[in-house]
Amino acid sequence: NYFEEDEFGDSIGAIMENPAYSLIHSEFKDIYTTRSKAGWEFSDINSKHNGTADAGIVYTDHGDYLIVIMSTVPRDIEPLRPLLKALENSINEM
């Protein structure tokens, strides 16, 4: 409801519907409306702390789903694509 409460919420919702990069958005945008935001943690000191996160809402005809992915996969999040495919299959089966 936040994205539809007022002009500010509507503006934020529009930004999150078309993020610069989000695996959730790229995987689901042709099927469902999504609002998502990806982020990365970088550490030059200790590379094991590099990580990727992507979180968003997927709006479907049979309900809305919150998806949160937190991973130690570095900035190139392509290795997470099979996980999103599995989540998509789960959503489609519901």
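## A glycine with no exposed surface

Gly-13 counts as buried, because its relative accessibility in this predicted model is 0%, and a residue is called buried when that value is under 20%. The residue has its place in helix α2, which runs over residues 7-17.

If residues up to four places away in sequence are set aside, Gly-13 touches Phe-3 and Arg-35. A further relation can be described with Tyr-2, which stands 11 residues from Gly-13 in sequence, while the C-alpha atoms of the two are 8.4 Å apart in space.

## The overall plan of the chain

The secondary structure of the protein is made up of four helices and three strands.

The protein has 94 residues, of which 34% count as buried. Its accessible surface comes to about 6200 Å², and carbon and sulfur atoms account for 53% of that surface.

Which residues gather in a patch of negative charge on the surface? The patch is formed by Glu-4, Glu-5, Asp-6, Glu-7 and Asp-10. Two helices, α1 (2-5) and α2 (7-17), each supply at least two of its residues.

Asp-6 lies in the loop between α1 and α2. Asp-6 is classed as partly exposed because its relative accessible area is 42%, a value that falls between the limits of 20% for buried and 50% for exposed.

Strand β3 covers residues 63-71, and Leu-66 is found in it. Leu-66 counts as exposed because its relative accessibility is 65%, and the cut-off for that class is over 50%. Together with Val-68 and Met-70, Leu-66 makes a nonpolar surface patch of about 380 Å².

Ser-71 also has its place in strand β3. Is Ser-71 buried or exposed? Ser-71 is buried, since its relative accessible area is 18%, which is under the limit of 20%. Leaving out residues up to four places away in sequence, Ser-71 touches Gly-51, Thr-52 and Leu-80.

## A network of salt bridges

Side chains of opposite charge can pair when their charged atoms come close. In the whole structure, a search finds four salt bridges. Which residues are linked in a network of salt bridges? The network links Glu-27, Arg-81, Lys-85 and Glu-88.

One of these pairings joins the side chains of Arg-81 and Glu-27, with a distance of 2.2 Å from N to O. Arg-81 counts as partly exposed, at 23% relative accessibility, whereas Glu-27 is buried, with a relative accessible area of 11%.

## Lys-85 and its two partners

Lys-85 forms a salt bridge with Glu-27 as well, and the closest N and O atoms of this pair are 3.4 Å apart. Because Lys-85 lies in helix α4 and Glu-27 in helix α3, the pair ties together parts that are 58 residues apart in sequence. Lys-85 itself is partly exposed, with a relative accessible area of 42%.

Lys-85 also meets Glu-88 in a salt bridge between their side chains, at 3.9 Å from N to O, and this distance still counts because the cut-off for such a pair is within 4 Å. Why are Glu-88 and Lys-85 separated by about one helical turn? They are so placed because they stand three residues apart in helix α4. Glu-88 is buried, its relative accessible area being 10%.

Technical notes:
Residues are numbered from 1 along each chain as its sequence is written. This is a predicted model: local features need pLDDT of at least 70, side-chain atom pairs count only at pLDDT 80 or more; totals for chains, interfaces and linings use all residues. Side-chain values use heavy atoms; hydrogens and water are left out. Buried means under 20% relative accessible area, exposed over 50%, partly exposed in between (1.4 Å probe, protein chains only). Accessible areas come from the Shrake-Rupley method with a 1.4 Å probe; for residues, only the protein chains shown count as cover. Patches are made of residues with over 30% relative accessible area and no salt bridge: like charges are joined within 9 Å, nonpolar side chains (Val, Leu, Ile, Met, Phe, Trp, Tyr) within 5 Å. Lys and Arg count as positive and Asp and Glu as negative; His and the chain ends are not counted. The place of a charge is taken as NZ of Lys, CZ of Arg, CG of Asp or CD of Glu. Contact means heavy atoms within 4.5 Å.
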